[in-house]
Amino acid sequence: PRWNKKLAYAVGLITTDGSLSKDKRHIIFTSTDYQLIKSFLTCLGKSNSIRKYRHGSIRRKPAYHTQISDVLLYRWLLKLGLTSNKSLTLSNLKIPNKYFADFIRGHIDGDGSIITYIDRYNTKINSKYIYTRLFVYLISASKKHVIWLQNKIIKFVHIKGSINFHSSIWTLKFSTKEAKILLNWIYYEDNLPKLERKFLIAKS
């Protein structure tokens, strides 16, 4: 495969919500967002079927699933640093600097989040104390991977964020000012592959 914006975005998705099967040929991607599955396949130039299934709990949203059989792509992903059991062992990945923002956008769309809300906590002191809060989270079960993400983002856009650990998950968090810098970096032009519902939060 040749690097481009779409491929880098897809690699970000695989890094978070994807997996490499143990048979050394299948790439599996699962999401509760149908549009994200479609974008994933489009970015890889694939037309595989998308299957819907429900989790054991009826309270959880139905998920969508696609499976790609591509030995060359599988081997290429291994060379980047992905593995069939990546969640705890994931570390540095070989992502070109030119496409790192696209990779981060895929990372956030896959398992990260963009959150904004109106903070009225201090209005009891002054009715004008109303603030818009913005947070961006990148998530991984691997501490090494999160530290690597932080160091790369420091290099590219000079923001550090903060790393937290809770319930076996490592989180790289960016708050309002830094979050705006990060979002402007990853949404650097129109017509990029992206998850629309998260982009609409970022756009506001």
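In which loop is the place of Lys24? In this predicted model, where local features need pLDDT of at least 70, side-chain atom pairs count only at pLDDT 80 or more, and totals for chains, interfaces and linings use all residues, Lys24 is placed in the loop between strand 1 (18–20) and strand 2 (26–31). Residues are numbered from 1 along each chain as its sequence is written, and side-chain values use heavy atoms, with hydrogens and water left out. Helices (H or I, at least four residues) and strands (E, at least two) are DSSP runs, numbered from the N terminus.

Lys24 has a phi near 65°, a positive value in a residue other than glycine, and its relative accessibility of 59% makes Lys24 count as exposed (buried means under 20% relative accessible area, exposed over 50%, and partly exposed in between, with a 1.4 Å probe and protein chains only). A positive phi, of about 60°, is also found for His158, which is not a glycine. His158 belongs to the loop between helix 5 and strand 7 (162–166) and, at 65% relative accessibility, counts as exposed.

A pair of aromatic rings is described by the distance of the centres and the angle of the planes. Rings of Phe, Tyr and Trp (its six-membered ring) pair if their centres lie within 6.5 Å, and planes under 30 degrees apart count as stacked, over 60 as edge-to-face and the rest as tilted. By this rule the count comes to twelve aromatic pairs. In one of them, the ring centres of Trp3 and Trp76 are 5.0 Å apart and the planes stand at 55°, so the pair is tilted. Because Trp3 lies in the segment before helix 1 (5–17) and Trp76 in helix 3 (residues 71–80), this pair ties together parts that are 73 residues apart in sequence. Trp3 is partly exposed at 22% relative accessibility, whereas Trp76 is buried, with a relative accessible area of 14%.

The rings of Tyr117 and Phe135 have centres 6.2 Å apart and planes at 20°, so this pair is stacked. Since Tyr117 lies in strand 5 (residues 113–119) and Phe135 in strand 6 (residues 131–140), the pair ties together parts that are 18 residues apart in sequence. Tyr117 is partly exposed, with a relative accessibility of 39%, while Phe135 is buried at a relative accessible area of 14%. Between Tyr117 and Thr42, which are 75 residues apart in sequence, the C-alpha to C-alpha separation is 32 Å.

Ring pairs also link Phe100, Phe103, Trp148, Phe156 and Trp185 into a cluster. Lys152 lies over the face of Phe100, 5.3 Å from the ring centre (a charge sits over a ring if NZ of Lys or CZ of Arg is within 6 Å of the ring centre and within 35 degrees of the ring normal). Lys194 lies over the face of Phe199, at 4.9 Å from the ring centre.

Helix 5 (residues 143–157) and helix 6 (residues 176–186) pack at an angle of about 80°, with their axes 11 Å apart; axes are lines fitted to C-alpha atoms, for helices over the stretch in contact, and angles run from 0 to 180 degrees between N-to-C directions. The contact, meaning heavy atoms within 4.5 Å, is made by Ile153, Phe156 and Val157 of helix 5 and by Ile181, Leu182 and Trp185 of helix 6.
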